[in-house]
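Subject: Handing over a structure, with notes on what was found

Hello,

I am passing on to you the structure that we talked about, and I would ask you to open it beside this message. Please look through it first, and then read the notes that follow.

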Amino acid sequence: MIISGNIYFKGSMIKGNFDTSSMELTEKTGIKGTLIPMPVNAHTHIGDSFIMDEPAGTLPEIVGPGGLKHRALESADEYKVKEYMEKSERYMENTGTLAFFDFRENGINGINLLKNTRRKYIVPLIFGRPYKNDDPNDIIKISDGIGLSSVSDIDYDAALNISELAHKNKKIMALHFSENTREDINMVLGLKPDLLIHGIEASDDDLDKISGRNIYLSITPRSNIFYGKRPDYSKFLRHKIKLMLGTDNVFTSIPDIFMEMDFLYRYQRFNGYISPEDILRMVIDNPREFMLKKGIKIAEKYIFFRNELLNPYQIVTKRHYHEAILLNNE
C-alpha cells in the first residue's frame with residue numbers, strides 16, 4: 001500500500017509518499033492520510049491485570065517484596081491470571097501497540113503463562129526472574145532476558161550471577177532502578193544492565209554515568225504519579241539518555257501507550273517541556289533501535305489515519321479522537 005500525506009519516517013514527520021511493502025519513501029502517490037509505525041510499550045507487568053482492588057499504601061507496600069501485588073499473585077488462580085493477561089494483550093492490540101516489554105513474575109511458570117496466551121499480532125519481549133527454586137539457566141533459556149527488581153530488593157551476589165548468565169547467553173539484562181529512593185549507581189552498573197526502568201530518584205552524576213554507557217531507560221509517568229512521585233522527566237533528555245516509555249503495572253495503569261504519551265506531554269508542558277516529536281521517538285524509534293541492537297526483529301506494522309493529515313501534537317494528545325486503521329505488513 002502507498003500512503004500520501006504526513007509520514008512518520010526515521011524520527012520525523014514529513015510530507016511525502018510511503019510504500020508500506022518496501023518500507024521506503026517513493027515518488028508514486030497513493031491514499032491520502034497520516035501514517036506512523038505502531039508504538040512499543042517498553043515496560044509492563046501484565047501478570048497483575050487481574051487485581052481489581054484499589055491499591056492502598058505506599059509504593060513498597062503495593063509492589064515491593066511481600067507487598068499487595070506479590071501477595072495477590074501468590075494466591076491467584078493461574079487460569080484467571082492468564083485470562084486477564086489476554087485481556088491486556090487484546091487491549092494493546094486494539095489500540096495499535098506493536099510489542100511490549102514485560103517483566104514476568106513467578107519464574108518459569110509465569111513465563112510459560114505469557115507464552116501461551118492467545119494473541120493476534122502483538123509481540124511480548126519477556127524478561128523473566130527466578131522464583132523460589134527456579135534455575136536461572138532455565139529462566140534465561142525460555143525468555144528474552146532477565147528483568148529484576150531493584151538492587152535494594154535482591155541478593156546482589158545472586159544478581160551478579162544472573163547478569164553474567166544473561167550476557168553469556170546474549171540475552172537482555174534489565175533492572176528497576178531508583179524508583180522510590182536513590183540507589184547505589186555503582187552497584188547498578190556492576191550488573192551491566194542493557195535497560196533500566198524508572199531512574200526518577202537518580203542524581204545528575206548517576207544519569208551521566210548511564211548516558212556514558214549508552215544504557216536505555218524506560219519511564220512510566222502515570223505509574224509514578226500514582227505513587228506520589230513528580231519528577232521532571234526532561235532531565236533524562238538533558239543527559240542525552242535514550243528514553244523509552246512504558247505503562248508499568250496494569251492494576252494501576254491500563255496498558256495504553258497513547259494515554260501515556262498524552263499524560264507525559266501535559267505533565268511536562270510547564271515542568272521542563274518535552275515536545276510531541278520527542279515523545280514519539282520514545283515509543284517508535286528508540287524501542288526499535290534497542291531491539292535491533294539486541295538482535296530482535298519484529299515485522300513492521302503501521303497505524304493509518306485515512307484522509308486526515310495529523311501532526312505529532314495531534315497524534316500524541318488526540319489519537320483516540322481520530323479513526324485509525326491498523327495495517328499488518330506481513
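Two strands are said to pair if DSSP finds at least two bridges between them, and the helices (H or I, at least four residues) and strands (E, at least two) are themselves DSSP runs, numbered from the N terminus.

Before going further, please keep in mind that this is a predicted model, in which local features need pLDDT of at least 70 and side-chain atom pairs count only at pLDDT 80 or more, while totals for chains, interfaces and linings use all residues. Residues are numbered from 1 along each chain as its sequence is written, and side-chain values use heavy atoms, with hydrogens and water left out.

The whole protein

The protein has 14 helices and 15 strands, and its C-alpha atoms fill a box of roughly 60 × 45 × 40 Å along the principal axes. For 330 residues, a compact globule would have a radius of gyration near 20 Å, and the 19 Å of the protein agrees with this; the radius is taken over C-alpha atoms, and the globule rule is 2.2 Å times the number of residues to the power 0.38. Of the 330 residues, 56% count as buried, where buried means under 20% relative accessible area, exposed means over 50%, and partly exposed lies in between (1.4 Å probe, protein chains only). Taking contact to mean heavy atoms within 4.5 Å, 68% of the contacts between residues at least 6 apart in sequence join residues at least 24 apart.

The two sheets

Strands of a sheet pair through backbone hydrogen bonds, either parallel or antiparallel. The strands β2 and β3 belong to an open sheet of six strands, in the order β3-β2-β1-β4-β14-β15, with mixed pairing. Its edge strands are β3 (24–25) and β15 (325–328), each of which pairs on one side only.

Another open sheet is formed by nine strands in the order β12-β11-β10-β9-β8-β7-β6-β5-β13, and its pairing is parallel. Here the edge strands are β12 (243–245) and β13 (248–249), each pairing on one side only. Towards one end of that order, β11 (residues 216–219) and β12 pair in the parallel sense over three bridges, and the bridge partner of isoleucine 219 in β12 is leucine 245.

In the nine-stranded sheet, strand β9 (residues 172–177) is mostly covered, since six of its six residues are buried. In a regular strand the side chains alternate between the two faces of the sheet. In β9, Ile172, Ala174 and His176 point one way and Met173, Leu175 and Phe177 the other way, and all are buried. Strand β8 (residues 145–148) pairs with β9 in the parallel sense over four bridges, with leucine 148 having leucine 175 of β9 as its bridge partner.

Residues to look at one by one

Lysine 69, in helix α2 (residues 68–75), is buried, because its relative accessible area is 3%. Leaving aside neighbours within four places in sequence, lysine 69 is in contact with several residues, including Asp48, Glu105 and Phe251.

Lysine 10, in the loop between β1 (2–9) and β2, is exposed, because its relative accessible area is 71%. Although lysine 10 and arginine 281 are 271 residues apart in sequence, they are 9.0 Å apart in space, C-alpha to C-alpha.

Most residues other than glycine have a negative phi. For lysine 10, however, phi is near 50 degrees, a positive value, and phi of lysine 192 is likewise near 50 degrees. Lysine 192 is found in the loop between α7 (185–190) and β10 (195–198), and counts as exposed at 58% relative accessibility.

Finally, glycine 199 lies in the loop between β10 and α8 (204–212), and is buried, with a relative accessible area of 0%. Not counting residues up to four places away in sequence, glycine 199 touches residues among them Phe177, Ser178 and Leu217.

With best wishes
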